[in-house]
Amino acid sequence: MDDTSIARTELHPRFKESQPTWTLGIDYNPSRDHLIYGKVSTGYKAGGFDNVGSFGSEKLTAYEIGSKNSFADRTIQFNASAFYYDYRDQQIPVFLDTNVGSQVVNAGKSRVWGIETDTTVLLSRNDRFTATVNYLNAELTAFQTSLLGLTGSINDSDPSTPGNQPFDLSGNRPVQSPKWTIALGYDHDFHIGDHKITASVFSRFKSDYYLQPFNNRAELQEAFTQTDLSLEYSAPGNKLSVQAYVRNLENYRPYSFVNYVDAGGTMLINYIYGTPRTYGVRGTYRF
């Protein structure tokens, strides 16, 4: 085929932007086994362009307070933190048109706050228990955009009123923001002379979350649990180890992405799923 017969248009867009960021923090140790901290920081993500148009920069002011603690002769570690994120012009990919696909747009404002805890307990010389519990409350507080239509995006929420009134998604949840994430783990070491075998189980739970900011029912990933198992042999000196593992024991494949397709005048929704159950063996040698 003669490539010269194919018409094409070349574009060479450019984008240049910068902004200083800063972090201010303070730590306080009331005792040897306790730390209290707080910090305020700013974040910045440059704007740019995609195949649809341009979008502005994203700015963030983050507040965090927390503590790191050890108890019972350091056999128990407990860390906790609370955070508040204030986003301005957050960059959000929105699937608007089956002809052009997704477009990155700026949400006017969004805020995220939550609490994170991390616990490790040495039950014995050979037994360890871990737990993390995270709560996340995320909301788009000002987001006006278009909606997906069968032959293109719908830009006017009220055609009877002069002008263009975009749809208001304020109050919706951002994508990939489950309210609860809980993980539990347990390890046990078996000692046979100088050899060690470690059996581990790790399970995580995520509550429901959306894959698009429209928060339609078809874009909702329901709550699920995934569990990993492993058995690892460590040779004397810890230079050689061999591990057998199973990931996602339940073989549950959550949605990782959702998009839409116009198929002959019918709107179809496509789902991309996560990794299925996997298992294998891997070896490590440390020089």
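Two strands count as paired if DSSP finds at least two bridges between them; strands are DSSP runs of E with at least two residues, helices are runs of H or I with at least four, and both are numbered from the N terminus. The model shown is predicted, and for this reason local features need pLDDT of at least 70 and side-chain atom pairs count only at pLDDT 80 or more, whereas totals for chains, interfaces and linings use all residues. Residues are numbered from 1 along each chain as its sequence is written, and side-chain values use heavy atoms, with hydrogens and water left out.

View 1. The protein exposes about 17600 Å², of which carbon and sulfur atoms supply 55%; accessible areas come from the Shrake-Rupley method with a 1.4 Å probe, and for residues only the protein chains shown count as cover. Of the contacts (heavy atoms within 4.5 Å) with a separation of 6 or more, 57% are between residues 24 or more positions apart.

**View 2. A hairpin joins strands β1 and β2 through 2 residues.** Strand β1 (residues 23-31) and strand β2 (residues 34-45) pair in the antiparallel sense over 7 bridges, and the bridge partner of Ser31 in β2 is His34. Strand β1 is hardly covered, since the count of buried residues among its 9 residues is 0.

**View 3. The largest nonpolar core has 8 residues.** A nonpolar core is a set of buried Ala, Val, Leu, Ile, Met, Phe, Trp, Tyr and Cys residues joined through side-chain atoms within 4.5 Å. Here the members are Ile92, Val94, Val105, Ala107, Leu140, Phe143, Leu169 and Phe214, and the elements giving two or more residues to this core are β6 (76-97) and β7 (101-124). Apart from this core lies another one, of 6 residues, including Leu60, Ala62, Phe83 and Ala138. In soluble globular proteins, nonpolar side chains tend to be buried together. Leaving aside neighbours within four places in sequence, Phe143 has contacts that include Ile92, Val94, Asn106, Asp168 and Pro213.

**View 4. The structure holds 10 aromatic pairs.** Rings of Phe, Tyr and Trp (its six-membered ring) pair if their centres lie within 6.5 Å, with planes under 30 degrees apart counted as stacked, over 60 as edge-to-face and the rest as tilted. One of these pairs joins Tyr135 and Trp180, which are tilted at 55 degrees between the planes and lie 4.9 Å centre to centre. This pair links distant parts of the chain, as Tyr135 is in strand β8 (residues 127-142) and Trp180 is in strand β13 (residues 180-192), 45 residues apart. Trp180 is partly exposed, with a relative accessible area of 39%. Trp113, Tyr135 and Trp180 form one aromatic cluster.

**View 5. Phe257 lies in strand β19 (residues 255-263).** Not counting residues up to four places away in sequence, Phe257 touches Leu211, Asn270, Tyr271 and Ile272. Phe257 and Ile272 are 15 residues apart in sequence, and their C-alpha atoms are 5.1 Å apart in space. Phe257 is partly exposed, with a relative accessible area of 34%, and Tyr271 is likewise partly exposed, at 26%.

Conventions: Buried means under 20% relative accessible area, exposed over 50%, partly exposed in between (1.4 Å probe, protein chains only).
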